[in-house]
Amino acid sequence: PELFVYTAPRIAGGSVYVGEKGICCALDLTSGEVKWSRSLDQRDESTASFRRGVAGRDVPCYAGPLVFGQLLIVLVPGRGLLALHQESGEIAWEVELANGKLAPAAPALEGEVLVSAGDVNKLMVLEASTGKVMWHREVLEGDYPTGLTVAGGRIYVTTPVGGVRCFDLWSGELQWRFETG
């Protein structure tokens, strides 16, 4: 096939949101008709057809969009974090990341706070509504997290070098670590 969908769909407000190598789109939940489709690859025009092939893209994104209020938050490797308006697909905010072609773990939400891989070896905590960075620190070994979740004011991270780490959500201070091997 010309199109591979790598992400889990998300449902909100009568739409199902899906993404693949640099494109995100909204489909009508009942009919499956395309409501909007947007290229998230900086090499393309601002909108794109979801049904066209995208051969030649460097990095698929395995992180499905997060739903936060009326925003969809997507991680695009080689570009960064983007928040799109659910109704139109227009960009509400963007935070560039210098992690190149890495496809780190999916971002995670806790309340109004978004946690994501930052630049190499870093984690980033942002205000989900505005994209304002609360902190961005070098706390990881192994370049990027392979898994990421947030609960109870703590960030839990797995890394490609076999580690599990727990950080305080508000300060980024290491709470504990476990080596898997």
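## A walk through an all-strand model

Let us start at a pair of neighbours: strands β5 (residues 66-68) and β6 run antiparallel and are joined by three bridges. Two strands are said to pair if DSSP finds at least two bridges between them, and strands themselves are DSSP runs of E with at least two residues, numbered from the N terminus, while helices are runs of H or I with at least four residues. This is a predicted model, in which local features need pLDDT of at least 70 and side-chain atom pairs count only at pLDDT 80 or more, whereas totals for chains, interfaces and linings use all residues. Residues are numbered from 1 along each chain as its sequence is written, and side-chain values use heavy atoms, with hydrogens and water left out.

How many of the six residues of β6 are buried? Six of the six residues in this strand (residues 71-76) are buried, so β6 is largely enclosed by the rest of the structure. Buried here means under 20% relative accessible area, exposed means over 50%, and partly exposed lies in between (1.4 Å probe, protein chains only). In a regular strand the side chains alternate between the two faces of the sheet. In β6, both faces are covered: Leu 71, Ile 73 and Leu 75 are buried on one side, and Leu 72, Val 74 and Val 76 are buried on the other.

Stepping back to the whole chain, the secondary structure comes to zero helices and 16 strands. Of the 181 residues, 48% are buried. Contacts (heavy atoms within 4.5 Å) can also be sorted by sequence separation: among those between residues at least 6 apart in sequence, 35% join residues at least 24 apart.

Now for the interior. A nonpolar core is a set of buried Ala, Val, Leu, Ile, Met, Phe, Trp, Tyr and Cys residues joined through side-chain atoms within 4.5 Å. The largest one has 15 residues, and Val 115, Leu 123 and Ile 155 have the most contacts inside it. Strands β10 (113-117), β11 (122-127), β13 (147-151) and β14 (154-158) each give two or more residues to this core. Leaving aside neighbours within four places in sequence, Ile 155 is in contact with a set of residues that includes Val 115, Leu 123, Trp 135, Leu 148, Cys 166 and Phe 167.

A second, separate core has 14 residues, including Leu 66, Trp 93, Leu 114 and Met 124. Met 124 is found in strand β11 and is buried, with a relative accessible area of 2%. Beyond neighbours within four places in sequence, its contacts include Leu 81, Val 95, Leu 114 and Trp 135. The C-alpha atoms of Met 124 and Arg 137 are separated by 6.6 Å, with the two residues 13 apart along the chain.

Ser 15 belongs to strand β2 (residues 15-20) and is buried at 3% relative accessible area. Its side chain makes a polar contact with the side chain of Lys 35 (2.7 Å). A polar contact is a pair of N or O atoms within 3.5 Å; within protein, one must be able to donate a hydrogen and the other to accept it, and residues adjacent in sequence count only if both atoms are side-chain atoms. Ile 11, in strand β1 (residues 10-12), is exposed at 57%.

What about the cysteines? The structure holds zero disulfides, a disulfide being a pair of cysteine sulfur atoms within 2.5 Å. The sulfur of Cys 24 is 6.7 Å from the closest cysteine sulfur, in Cys 25, which is too far for a bond.

Finally, a word on confidence: pLDDT is the predictor's confidence in each residue, from 0 to 100. The chain has a mean pLDDT of 81, and 78% of its residues reach 70 or more. Over residues 44-58 the pLDDT is below 50, and this stretch has 38 contacts in the model beyond near neighbours in sequence.
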